[in-house]
Amino acid sequence: MKVLLIALVVLIHGTNATLIIKGPTESILEGESVTLECLYTDSDLNVSQVHFEYLPPYQYSKTLWRKVWGSNLGRWYCYGGDDFYSEEEENSGRLHIPYPTRFSGVPFRCVSDNENATAPDNASEPLTFKVQYMRELSVSMEGYTSYLGVPQDLKVRLGDDVELKCSASSSEEPSYYWQKEGNDWILPSSTLTLKKVSTMDEGKYTCMAEHPSVKSLTKKRTISITLLPEDAAWYETTNGRLWLMTSAAAASLLVFILSVSVFLCRRAKRIRTSKGPIDDHSQKKPIYKSSAESLPSTCADKQPLV
């Protein structure tokens, strides 16, 4: 009776315990690692029968949780193309993610493997964390391909229009500012537009991107605008050089394709001509009536049939 009473107390004590997940409570910066931990509200219970699950952002259903497999020391493990890494021993109830950027905003939870536990009591409340980041700043120009990027020194003719736009991949939309060296004005925009540039517009322009939540995340890029005479040759400008490079690349590609085509055609023709006519030795030997290879005939001539 005493043993039964103790078991009943333990059962009641266990059902009152709640499974929780601990992790970052604030945003983290890119490059920092994340450690998640499964715990019970009752510290007397262990987490040997607990595993982690996460909800991939590309899931159409918000109920298809995926299990994070494995927890061995120093071993990578993967499920569904997503990588995790654990620095703790197996069944420790901890999950270490060294590269958490791709899992920013992804819900994680702890789930009990105990058969007596049923949903929703067998799982913790979801936990998400946010990773703040900002990539390098890029500057593009109207009429200039973004794949090549705007050069450090931009050469334009006097009287031309110049439009520069800076952008950066970031966890949140950055704030952009343009400033000219030697001037105290600041343009709060990602786009800098100069109409009919004059000698006063020549100089260095700096675009700065600032993260709205993390002030330490800032990027900047400086572009130098050099003016050419109004009658300068078109190929001296930055756009002119771009057209020259593009045309040269296109011409080289065309020459390469033509060369390969001519080579393949000549090779195919050489293969056809090298075979020659079919060599049938049976047609080179005369067939006589009395020979074993003769054909039935009613004529009695002894001349070769062929």
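## Surface and overall composition

The protein exposes about 21,000 Å², of which carbon and sulfur atoms supply 55%; accessible areas come from the Shrake-Rupley method with a 1.4 Å probe, and for residues only the protein chains shown count as cover. This is a predicted model, in which local features need pLDDT of at least 70 and side-chain atom pairs count only at pLDDT 80 or more, while totals for chains, interfaces and linings use all residues. Residues are numbered from 1 along each chain as its sequence is written, and side-chain values use heavy atoms, with hydrogens and water left out.

Of the 306 residues in the protein, 28% are buried. Buried denotes under 20% relative accessible area, exposed over 50%, and partly exposed in between (1.4 Å probe, protein chains only). The secondary structure comprises 2 helices and 18 strands; helices (H or I, at least four residues) and strands (E, at least two) are DSSP runs, numbered from the N terminus. Among contacts (heavy atoms within 4.5 Å) between residues at least 6 apart in sequence, 56% join residues at least 24 apart.

## Disulfides

A search of the whole structure finds 2 disulfides, a disulfide being a pair of cysteine sulfur atoms within 2.5 Å. With the bonded cysteines numbered in sequence order, the pairing is 1-2, 3-4.

The link of C38 and C110 is left-handed, with -95° about the S-S bond. This pair connects distant parts of the chain: C38 belongs to strand β3 (residues 34-40) and C110 to strand β9 (residues 108-112), 72 residues apart. Both C38 and C110 are buried.

C166 and C207 also form a disulfide, their sulfur atoms 1.9 Å apart. The torsion about the S-S bond of C166 and C207 is about 50°, so this disulfide is right-handed. Distant parts of the chain are again linked, with C166 in strand β13 (residues 162-167) and C207 in strand β17 (residues 203-210), 41 residues apart. C166 and C207 are both buried.

## The loop residue S190

S190 is located in the loop between β15 (186-187) and β16 (191-194). Its relative accessibility is 18%, and S190 therefore counts as buried. Apart from neighbours within four places in sequence, S190 is in contact with L164, K165, C166, Y176 and W178. One of these contacts, C166, is a partner in the disulfide with C207.

## An open antiparallel sheet

Three strands form an open sheet in the order β5-β4-β9, with antiparallel pairing; two strands pair if DSSP finds at least two bridges between them. The edge strands are β5 (66-67) and β9, each of which pairs on one side only.

Strand β4 (residues 50-54) pairs with β5 in the antiparallel sense over 2 bridges. Y54 has R66 in β5 as its bridge partner.

L253, F256, I257, V260, F263 and L264 make a nonpolar surface patch of about 590 Å². Patches consist of residues with over 30% relative accessible area and no salt bridge, like charges being joined within 9 Å and nonpolar side chains (Val, Leu, Ile, Met, Phe, Trp, Tyr) within 5 Å. A salt bridge is a side-chain nitrogen of Lys or Arg within 4 Å of a carboxyl oxygen of Asp or Glu.

F263 lies in helix α2 (residues 238-275). With 49% relative accessibility, F263 counts as partly exposed, whereas C265, at 53%, counts as exposed.
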